[in-house]
Amino acid sequence: MGKTFYMQADGGYDTHSNQLAPSSNFDPNNVPKDLNYNIGNVASRLTDFFNRVKNRHDVTIVVFSEFGRTVAVNGDVGTDHGEGGGMFVLSNNSSLHSSLQEKAYGNLSFKDAKNNWLGVGIDYRSVYGKIYRALYGVSDTSYFNETADLARDVDTTPARYALMRSEYKANNDSSVRVDVRFAGEGTNFDTNKSSYLQAWYGTGLANLKQVNQWTVDNSYQKTPDRSFTFARDWNAEKSNYAVAMKLFTNQYAATGYSGAIRLPEVFAASVNAFSLTGDSVLRRYDSTSVSSRNALPASGMLLADSGTGAGVTVDTAGAVRIQTQTGATYVRALTASGTLTWNGGFVLGETVDPSLFLSERALAMSGNTALRSMNVAKIIKVGADVLGIGMELDRSVTLSFAGLAPSSEFRILRSEDGVAWVDQRPSSVFSDATGRIAFDTDAFSYFAAVSVTPPPVPTCTVTATPSSVTDGNSTTLQWNSSDASSASFSPSVGSSALSGSVSFVPPFGASTVYRLTVSGMGGTGTCSVTITSSPVSSGGGSSGGLS
């Protein structure tokens, strides 16, 4: 490219002992020298050189470390080899100033540092990609196989749970195998880099034991869908156990989840009825293949029988109420889209986290209308505890749940697999005697209550303090949003949070409009602010970049 490159190495930083030697004992002729001295010496010499040439030449200096150090000090008052380091950029190139924020770093939470290391939150290629593009006008991918994205690398938005569900399976020794399967997703959640997850289990949240981290890492990396299945065999029938999970992004932004698992009642093979005293039951359908519609033997599986009474009312732990009619109600058949395997789990009623179907990777469709574009108020599950399998009843029951205003108007959508959502038939939604939202159904599966009232349009505000600066000085951008689920700036400011602030040096000698776009179920909203950077009246250069 006809450009001149210089490479200079400097030693004395492998400080396994006496990393910060007392100044009274410091000998500048000894190597390794005191770490403060070495870093200070390099910084002062580079700054002096840069200030002498910046007004006569185009110059960019990149300082980087060969490898990182551990966070905690070792027994010899030093630090050992680790991951994660720093890069420092000095440049008088205005294009590079506008593309590299003054400071770029992640959530440096030392207590969450894995293996006593700082994670590699910023891919070095994303920094070099900015430099090559600014200095030489070439694409990032001219040098790297994948597009480097600094804005993504410094994003501190916590990850989301893309999948969180449990399945039950009867063992031959009368114990129950509990499988809790979960997966994460997010702008900066990538287990090929520094992202990771942790899992705990126990007889209560105050008595949790962590799952071996190597097991979690190895299992998560090897699964095609990047999920982890926590599996345990427990014996105490109908007992409550607790599980907890935590996701960490490349910048160690953490997301936590905890929940209770109620072990189902284990039925003998000869029993052909549900027990309505528990939250979930387990039956003899162990690894049964379900294809299309599978009729159950004889009269089916008894759900409830009130004889000549007024029906049976069941209040589940998930705040879902089941009201049967007078007489017996049976499950007649299992249904599935395609061929699936059922391990026999059954949930009488639970509230489901909508993100299971509404997150970025969820394929939640109703015809040509995405479920995530609707105003989903609540999702519940009644039926087989396997995604994709529904249960057909011989007569209708009434399902109701609390938490929604009866005065609002709702429609109910039904799905077996969480992908195809159709209107529940009959479609009428009403209030029961206690004021709960209710509807009738002759099948069990997933149900989504969708408000027919249009959701509010997202709004936002953005300010800059100050809005006018001299070249080389920074400004602080601050923004807020409401009724939004995503946000993005153009040009990028290194964050996609719904609200926050960031400081940076704006492009030299220019007025730049920073436009924030927020999106949600009610549509899209925008707001903007203009930041002006003017040359200093006395002349001279200014350095900036990544530090």
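Select S415 and Y446 to begin: S415 stands opposite Y446 in β28, a placement that belongs to the antiparallel pairing of strand β24 (residues 410–415) with β28 over six bridges, where two strands are said to pair if DSSP finds at least two bridges between them. This is a predicted model, in which local features need pLDDT of at least 70 and side-chain atom pairs count only at pLDDT 80 or more, while totals for chains, interfaces and linings use all residues. Residues are numbered from 1 along each chain as its sequence is written, and side-chain values use heavy atoms, with hydrogens and water left out.

Strands (E, at least two residues) and helices (H or I, at least four) are DSSP runs numbered from the N terminus. Now colour β28 (residues 446–451) by accessibility: six of its six residues are buried, so the strand is largely enclosed by the rest of the structure. Buried means under 20% relative accessible area, exposed means over 50%, and partly exposed lies in between, with a 1.4 Å probe and protein chains only. Y446, A448 and V450 on one side of β28 and F447, A449 and S451 on the other are all buried, which leaves both faces covered.

Next, select strand β27 (residues 437–444), which is mostly covered, with six of its eight residues buried. Strand β23 (residues 389–401) pairs with β27 in the antiparallel sense over seven bridges, and V397 stands opposite T441 in β27. Strand β26 (residues 430–431) also runs antiparallel to β27, through two bridges, with F430 having A438 as its bridge partner. β26 and β27 form a hairpin with five residues between them, and G435 in the turn has a positive phi of about 85°.

Then show the sulfur atoms of C460 and C527, which a disulfide joins with an S to S distance of 2.2 Å; a disulfide is taken as a pair of cysteine sulfur atoms within 2.5 Å. C460 in strand β29 (residues 459–465) and C527 in strand β35 (residues 523–534) are 67 residues apart, so that the pair links distant parts of the chain. The torsion about the S-S bond of C460 and C527 is about -130°, so the disulfide is left-handed. Both C460 and C527 are buried.

Move to helix α1 (residues 35–53), whose 19 residues should span 27 Å at 1.5 Å a residue, in agreement with end C-alpha atoms 28 Å apart; the expected span is 1.5 Å times one less than the number of residues. The buried residues of α1 are L35, N38, F50 and V53. They cover an arc of only 80° around the axis, which puts them on the same side of α1, the arc being that of the directions from the helix axis to the C-beta atoms. The exposed residues N36 and R45 are on the face turned away from that buried side. For the packing partners of the buried residues, select β1 (60–64) and β4 (87–91).

Finish at T79, in the loop between β2 (68–69) and β3 (81–82). T79 counts as buried at 5% relative accessibility. Leaving out residues up to four places away in sequence, T79 touches T15, H16, Q19, R69, T70, A72, V73 and N74, where a contact means heavy atoms within 4.5 Å.
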